[in-house]
Amino acid sequence: MKKDFYEILGISKNADAAEIKKAYRKSALKYHPDKNPGDKEAEENFKLAAEAYEVLSDPNKKAKYDQYGHQAFDGSGGFGGGHGGMNMDDIFSQFGDIFGGGFGGFGGGGGGPRRAKGSNLRIKVKLTLDEIANGVEKKVKVKRKVQAKGVTYKTCSTCNGQGQVMRVTNTILGRMQSASTCPTCGGSGQILDKKPSEADGQGMVVEDETVSIKIPAGVVDGMQLKVSNKGNDAPGNSIPGDLIVVIEEVEHEFLKREGENIHYDLYISFPEAVLGASKDIEAINGKVRIKLEEGIQSGKILRLKGKGIPSINGYGSGDLLVHVNVWTPKTLNKEQKQFFENALNDEHFVPSPEKSEKSFFEKVKDMFS
C-alpha cells in the first residue's frame, strides 16, 4: 500500500502552500543524493518526497487526492503521479529551483547536466457509463513532436551543457548563488547543429502515434490521468513530456449518476401499482428484474445494493436506486370514468398513509445517506 503524501512530508491536511513547500525542501535536502551517495533508501525517500510535493503543491491535484486518494492519479496501468514514472531528471527539471544554489544535478557532486522536459499534451476521452463501471482500455491517436531522424545537436556554449546558468548576487546576508534555466538552450544543454529539411527550427517533426490507455473503473467526469513520456519531445538529450487524459462522461439515456450511486425512474400503471408486478429495469450491465409489491406507492425508492458504480479506491460499489412513479392516465373511456367516479366514495381509495411511510424529505435524506 502506498504511503500517504501528508505523512511523507510530515504535515497535516490543513497545511498551506508555504508549509508544503517548506516541508518538501526539508525532506529533499535531507535525502538529496549528493548528501547520501549510493544510499538506495535515501534515493527512494527523495523520490517519494518529490511525488508528494508534485501533487500537494498543485491545488487541483491536491483536491483530487484529498477526495480519491492515490487512485485519483495512478489508478492502474502505470500512469499517474507515481514516482515509478519519475526519475531524478524529472525531479530536478520540475523542482530544481527549490534547492537554491546549494546542490546541482543528480550523480556526482552537483556538476551533472539536467535534462529538459518536453511539453505535455492534453486530450479528452469520452466514456459511457458502462465503460466507467467496468474499466476500459482505450486506444487514442495523438500528434506528438519528436526529434527528426538525422538531427544532431551540439553542446550549448552559454551553459556548457548544464542546462542552467548560475548567478551570484550580493545581498545584506552575503553572496547568494541561484540557478535559472539557460535562455539559449531552454534547459536542454544542447543547441541545434544539423537538421533535415522537414524538421522545424528545433529539429522536431510531428508524428501520429497510437497510445493505449488503461482506464480503471470508477473514474469521474473531469478527472485527469497521466500517461508518462507520451507528450512532446524537447530538443537534445531531453525527457518527453506527459499525455494528460481528461475524462468526459457521456450521459446515459435512462440512468443518472450521482457519485457511486445510479438513479433510474420506473413508471408503472395504476393497475400495476394496485396488483403488484414484475418489471425489467435498466441497469449498468444489462436488465435486472424486480418485483413490485401490491399497493406500492408512487415515490417509493427501491435500493438494489451493489448495482452502482465501483469505488475508484476499491471500497465496493454504489447502489442502484429505483424511483417508482405511478402513471396517471389523462384520458378515460366512459366505463373507466364511471369506475373511478364510483371509487371516490370507496374507503379503499381514501389515502391513509401508515406511520411507517416516510415523507418526501425523509426519502431524499435516505438517498444521500
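The side chains of glutamate 54 and lysine 226 form a salt bridge, with N and O 3.4 Å apart. A salt bridge here is a side-chain nitrogen of Lys or Arg within 4 Å of a carboxyl oxygen of Asp or Glu. The pair links distant parts of the chain, 172 residues apart: glutamate 54 sits in helix H3 (residues 40-56) and lysine 226 in strand S8. This is a predicted model, in which local features need pLDDT of at least 70 and side-chain atom pairs count only at pLDDT 80 or more, while totals for chains, interfaces and linings use all residues. Residues are numbered from 1 along each chain as its sequence is written, and side-chain values use heavy atoms, with hydrogens and water left out.

**Salt bridges**

- The structure holds 18 salt bridges.
- Glutamate 54 is buried, at 8% relative accessible area. Lysine 226 is buried too, at 15%. Buried means under 20% relative accessible area, exposed means over 50%, and partly exposed lies in between (1.4 Å probe, protein chains only).
- Glu54, Lys61, Lys117, Lys226 and Asp242 are linked in a network of salt bridges.
- Glutamate 209 and lysine 230 meet through their side chains in a salt bridge of 2.7 Å, N to O. Glutamate 209 is in strand S7 (residues 204-215), and lysine 230 is in the loop between S8 and S9, 21 residues apart.
- Glutamate 209 is partly exposed at 23%. Lysine 230 is partly exposed at 26%.

**Sheet S1-S9-S8**

- Three strands make an open sheet in the order S1-S9-S8, with mixed pairing. Strands and helices are DSSP runs numbered from the N terminus: E of at least two residues for strands, H or I of at least four for helices. Two strands pair if DSSP finds at least two bridges between them.
- The edge strands are S1 (121-127) and S8 (224-227), and each pairs on one side only.
- S1 and S9 (residues 243-249) are parallel, paired over seven bridges. Leucine 121 stands opposite leucine 243 in S9.

**Strands S14 and S15**

- S14 and S15 run antiparallel and are joined by four bridges. Arginine 303 has leucine 321 in S15 as its bridge partner.
- Side chains alternate along S14 (residues 301-304).
- Arginine 303 forms a salt bridge with aspartate 319, the closest N and O atoms being 3.0 Å apart. Arginine 303 lies in S14 and aspartate 319 in the loop between S14 and S15, so the pair ties together parts 16 residues apart in sequence.
- Arginine 303 counts as partly exposed because its relative accessibility is 33%. Aspartate 319 is buried, at 8%.

**A buried arginine**

- Arginine 144 is found in strand S2 (residues 136-147). At 7% relative accessibility, arginine 144 counts as buried.
- A polar atom of the arginine 144 side chain lies 2.6 Å from the backbone oxygen of glycine 231.

**Nonpolar surface patch**

- Phe270, Val274, Leu275, Leu332, Phe339, Phe340 and Phe349 make a nonpolar surface patch of about 620 Å². Patch residues have over 30% relative accessible area and no salt bridge; like charges are joined within 9 Å, nonpolar side chains (Val, Leu, Ile, Met, Phe, Trp, Tyr) within 5 Å. Accessible areas come from the Shrake-Rupley method with a 1.4 Å probe; for residues, only the protein chains shown count as cover.
- Helix H7 (270-275) and helix H8 (334-343) each supply at least two patch residues. H7 gives the most, with three.
- Leucine 332 is in the loop between S15 (320-327) and H8. Leucine 332 counts as partly exposed, at 38% relative accessibility.

Methods:
A polar contact is a pair of N or O atoms within 3.5 Å; within protein, one must be able to donate a hydrogen and the other to accept it, and residues adjacent in sequence count only if both atoms are side-chain atoms.
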